[in-house]
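Hi,

Here is the structure I promised to pass on. My notes on what turned up in it follow below.

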There are 2 protein chains.
Amino acid sequence: MIKRLTIFGVGLIGGSLAMALRAAGTCHEVVGCSRSEEHLRQALERGVIDRYTLDPAEAVQGADMVVLAVPLGAMRAVCAAIRGHLAPEAALTDVGSAKGSVVEAVREGFGEMPLNFVPGHPIAGTEKSGVSAAFPGLFHGRRVILTPLETSDLGALARVRTMWEETGAVVETLSVAHHDEVLAATSHLPHLLAFGLVDSLARMGERDEIFRYAAGGFRDFTRIASSDPVMWRDICLANREAILQVMAGYQQDLGLITRAIEAQDGDALLEIFQRAKAARDEFCQ
Amino acid sequence: MIKRLTIFGVGLIGGSLAMALRAAGTCHEVVGCSRSEEHLRQALERGVIDRYTLDPAEAVQGADMVVLAVPLGAMRAVCAAIRGHLAPEAALTDVGSAKGSVVEAVREGFGEMPLNFVPGHPIAGTEKSGVSAAFPGLFHGRRVILTPLETSDLGALARVRTMWEETGAVVETLSVAHHDEVLAATSHLPHLLAFGLVDSLARMGERDEIFRYAAGGFRDFTRIASSDPVMWRDICLANREAILQVMAGYQQDLGLITRAIEAQDGDALLEIFQRAKAARDEFCQ
Ligand SMILES: NC(=O)c1ccc[n+]([C@@H]2O[C@H](COP(=O)([O-])OP(=O)(O)OC[C@H]3O[C@@H](n4cnc5c(N)ncnc54)[C@H](OP(=O)(O)O)[C@@H]3O)[C@@H](O)[C@H]2O)c1
Ligand SMILES: NC(=O)c1ccc[n+]([C@@H]2O[C@H](COP(=O)([O-])OP(=O)(O)OC[C@H]3O[C@@H](n4cnc5c(N)ncnc54)[C@H](OP(=O)(O)O)[C@@H]3O)[C@@H](O)[C@H]2O)c1
């Protein structure tokens with residue numbers, strides 16, 4: 001049971017977490033904090049939080065669980081603002097889509113690594129953002145990856161794990177570096193490819209016609225290009241190295257396909273497409 | 001009203017067309033023809049066709065509408081096999097995903113361009129293939145692009161148009177070259193990117209783990225990589241030039257994104273992502 005949960009950034013992820021825990025009845029009080037009073041009032045009116053404050057130091061008073069659910073670029077400033085105000089027994093976690101940069105931001109913001117900090121990342125989301133898009137079932141049946149540090153307190157780890165399990169999520173642990181590599185491949189790269197494709201088509205002369213004849217597969221394929229541009233800029237900057245590495249591998253693979261088409265090498269194309277279809281069918285039916 | 005419809009290739013597209021026309025009650029008899037008696041018997045048992053033959057010349061006897069719904073690579077051989085057997089009043093059309101290559105194949109197969117030939121392409125499909133995946137509603141509300149030639153008989157054009165309208169499709173016309181350019185951008189390129197991404201990940205050392213952490217967006221994004229590899233090989237070979245052109249443009253755009261990440265140029269990334277999101281949201285809600 002969480003007595004007082006403080007959530008920084010009551011948007012899609014932070015809001016959904018609060019709603020899920022309230023629905024599960026495992027959280028006594030939720031305090032919200034961010035920059036905009038209007039957004040916080042909206043969260044209050046939706047019943048997502050019990051109260052709010054614009055003052056980070058006040059927000060963490062008496063909290064036994066503190067969740068950083070702000071954009072990656074805002075993590076450091078929030079930590080700096082709560083430094084010295086966090087109760088020693090409070091567990092601290094975050095939901096950032098890249099983990100190495102958050103670990104760095106937390107260390108910088110606090111001036112040292114808080115022992116109760118357990119980095120986390122729910123593998124769940126939609127293309128929408130803001131508290132109006134939040135819903136309690138967002139994490140149900142989805143994975144949450146925790147990337148505990150060598151310094152992470154085991155009690156704090158257990159409490160963060162329990163919190164996510166109470167949302168219906170399946171919790172797993174990975175190292176920070178491994179998380180960032182895997183997510184670069186499965187999430188960050190696909191988003192960049194989709195943004196790149198839509199931008200590429202949008203810049204063509206006949207863009208209206210191009211999109212007019214786009215079929216069902218195109219809609220699915222490009223849905224992730226409707227995601228929040230600011231969040232994706234942050235992710236690109238935060239997970240730069242791992243993304244550049246998978247991007248380089250991908251561009252090589254695309255080069256293989258291109259050269260096979262140029263050379264009219266049907267066998268090479270068939271081999272690539274068959275291997276891809278087999279992998280897709282095996283792993284994601 | 002079609003008296004006798006002959007369909008070459010009673011698979012996903014050919015089978016769905018037959019089912020849609022029978023459901024609409026606008027087709028008296030459907031004759032199926034392909035290579036495999038087993039597949040044709042399956043079509044008969046599902047009630048998709050009234051009878052079948054393995055002999056193309058026999059299949060077109062007395063037909064007033066002939067539809068080529070075989071893979072792109074098989075169009076020419078089917079035409080050569082029915083040359084001299086088609087009734088002069090029969091309308092001839094196809095459903096191939098690229099049009100320039102089919103026009104060429106028909107001309108070669110017949111030794112000249114049949115005046116009643118009207119190329120066509122339904123912008124509808126699934127990742128499945130074969131008659132077992134066919135269903136009568138496949139074309140409902142979807143676009144069908146006809147690309148009539150200068151030589152195309154206007155009566156044949158009208159009959160092909162009416163046939164597709166009776167499936168619930170919206171029929172439009174484009175030139176052959178324009179169709180191939182637009183489809184290269186909206187359909188062929190996305191499929192190649194998805195095949196390339198899945199293949200790229202499948203070849204990584206940690207492939208099981210990679211796919212394990214793939215989230216919902218990844219499933220949508222890669223669904224089209226489950227499509228038939230043979231069909232996509234054919235499309236790559238058939239629409240080679242238009243595909244290579246859009247692929248080159250796309251690789252340049254990906255290079256822009258990569259360089260912006262390398263240079264940690266958040267403004268450039270934000271601009272690309274915002275433009276893409278705006279275009280996606282405008283055209284494909
Ligand atoms: N969306 C996804 O698919 C997804 C999935 C997994 C993880 N994540 C991660 O979750 C985090 C939040 O993403 P989200 O999708 O929930 O975004 P969101 O819906 O836009 O919510 C972000 C929240 O942060 C607040 N905020 C923004 N800048 C702030 C600042 N400088 N100081 C304090 N609060 C600030 C905003 O409220 P105010 O406007 O009132 O400040 C808003 O409530 C990000 O770190 C992201 O990487 C996202
Ligand atoms: N799937 C899509 O999303 C989609 C969308 C629009 C257009 N198209 C086009 O539609 C056409 C058919 O695609 P589909 O998805 O319907 O494929 P499909 O389900 O695999 O059906 C193809 C049919 O063609 C027959 N066939 C294959 N090779 C043949 C040959 N050499 N001679 C005679 N018959 C042959 C097959 O039957 P046997 O095995 O008995 O020969 C099968 O019935 C292709 O030209 C494709 O470009 C497909």
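Thr258(A) is buried, at 10% relative accessible area (buried is under 20%, exposed over 50% and partly exposed in between, using a 1.4 Å probe and protein chains only). Before I go on: this is a predicted model, so local features need pLDDT of at least 70 and side-chain atom pairs count only at pLDDT 80 or more, while totals for chains, interfaces and linings use all residues. Residues are numbered from 1 along each chain as its sequence is written, chains are lettered from A and ligands numbered from 1 in the order written, and side-chain values use heavy atoms, leaving out hydrogens and water.

Back to Thr258(A): you'll find it in helix H11 of chain A, residues 240-262 (helices are DSSP runs of H or I with at least four residues, strands runs of E with at least two, numbered from the N terminus). A polar atom of its side chain lies 2.7 Å from the backbone oxygen of Leu254(A). Neighbours within four places in sequence aside, Thr258(A) is in contact with Leu244(B), Met247(B) and Gln251(B) (contact means heavy atoms within 4.5 Å).

On to the rings. Over all chains, the whole structure holds nine aromatic pairs (ring centres of Phe, Tyr or the six-membered ring of Trp within 6.5 Å; planes under 30 degrees apart are stacked, over 60 edge-to-face, the rest tilted). Phe139(B) and Trp164(B) have ring centres 5.0 Å apart and planes at 80°, so they are edge-to-face. Phe139(B) is in the loop between strands S7 (120-122) and S8 (143-146) of chain B, and Trp164(B), 25 residues away, is in helix H6 (residues 154-165). Both of these residues, Phe139(B) and Trp164(B), are buried.

Phe211(A), Phe218(A) and Phe283(B) make up one aromatic cluster. Finally, the charged end of Arg143(A) sits over the ring of Tyr213(B), 5.8 Å from its centre (NZ of Lys or CZ of Arg within 6 Å of the ring centre and within 35 degrees of the ring normal). Arg143(B) sits over the ring of Tyr213(A) with its charged end 5.8 Å from the centre.

Cheers

Definitions and conventions:
Polar contact = N/O pair within 3.5 Å; in protein donor to acceptor, adjacent residues only side chain to side chain.
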